[in-house]
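Thanks for coming. I will go through one model, surface and overall build to begin with, and then the core.

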Amino acid sequence: MTPAAPSLLADQVFVTLRDMIVNGHLPGGTRLRIRQIADEVGTSVMPVREAIRRLEEAGLAVSSPHRGAVVREVSKDELLHIYDIRILLETDAAERGARDATPQRVALMAEQLEHLRTAADRGDVDGTLDRDEDLLRVLYGSQPNRHLVELVEGLWRKCRIFKIFGAKTALAVGDDALWAYPARLVEAARRQDGQEAAAATRESLLSARGRIESFMGSTQTASDSPPVEHPA
């Protein structure tokens, strides 16, 4: 049997660790010991290093000078603060973007919506979130203020872990909110209806925040648990 390529192994390790973090099996403060993880999953250290780097990019882990990589601690307060800012910025970006949307951008949004539905049908959490963000980039990018889009993208990175919580919950129960709100945005952009785009965006973010709050309330959050070592 041909050994799996390093990048494929890194993908596998990333998904395994990501799911353990999101499901609460690796609480906040858990040290991600590279050699220990490599031994447990039966691979070399290089795919594990790459997987941990991707966890940091996804906002699921942070590096500490003295402890190395640890699972990021999250709380409901942080969730509420981030989503309050997202609601302010993204409703404005959606309203402006819809008013300035061209037929070409609407077509790109519709294409991303189809990719989003396909990913959701597969139960692909990351793919669903990625396609949703691609659709929103097209909409928000229709208006000329590039700094607004950059600020929003920074908030997406900060709250990726929250978005994963919400998407997993929605997919598990068959909630159509993951594609219903983006579909409303496509139609709003098609009509250049800024008010409808703003309303759909606000409702979508409030809905997502509610799902995440419920998920975090039904599991032991990282902030409720003391720091622990990665289990041997």
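**Surface, fold and core**

The accessible surface of the protein is about 11500 Å², and 52% of that belongs to carbon and sulfur atoms; these areas come from the Shrake-Rupley method with a 1.4 Å probe. This is a predicted model, in which local features need pLDDT of at least 70, side-chain atom pairs count only at pLDDT 80 or more, and totals for chains, interfaces and linings use all residues. Numbering starts from 1 along each chain as its sequence is written, and side-chain values use heavy atoms, with hydrogens and water left out.

The protein has 10 helices and 2 strands, in the order α-α-α-β-β-α-α-α-α-α-α-α from the N terminus. Those are DSSP runs: helices are H or I, at least four residues, and strands are E, at least two.

Its C-alpha trace spans about 55 × 45 × 35 Å along the principal axes. Of the 232 residues, 46% are buried, meaning under 20% relative accessible area with a 1.4 Å probe, protein chains only.

What is the largest nonpolar core made of? It has 37 residues, and those with the most contacts inside it are L32, L55, Y83, F162 and F165. A nonpolar core here is a set of buried Ala, Val, Leu, Ile, Met, Phe, Trp, Tyr and Cys residues joined through side-chain atoms within 4.5 Å. Elements giving two or more residues to this core include helix 4 (76-99), helix 8 (160-173) and strand 2 (68-71). Apart from this core lies another, of 22 residues, among them L113, L139, A189 and A200.

Definitions and conventions
Buried < 20%, exposed > 50% of the residue type's maximum accessible area, 1.4 Å probe, protein only.
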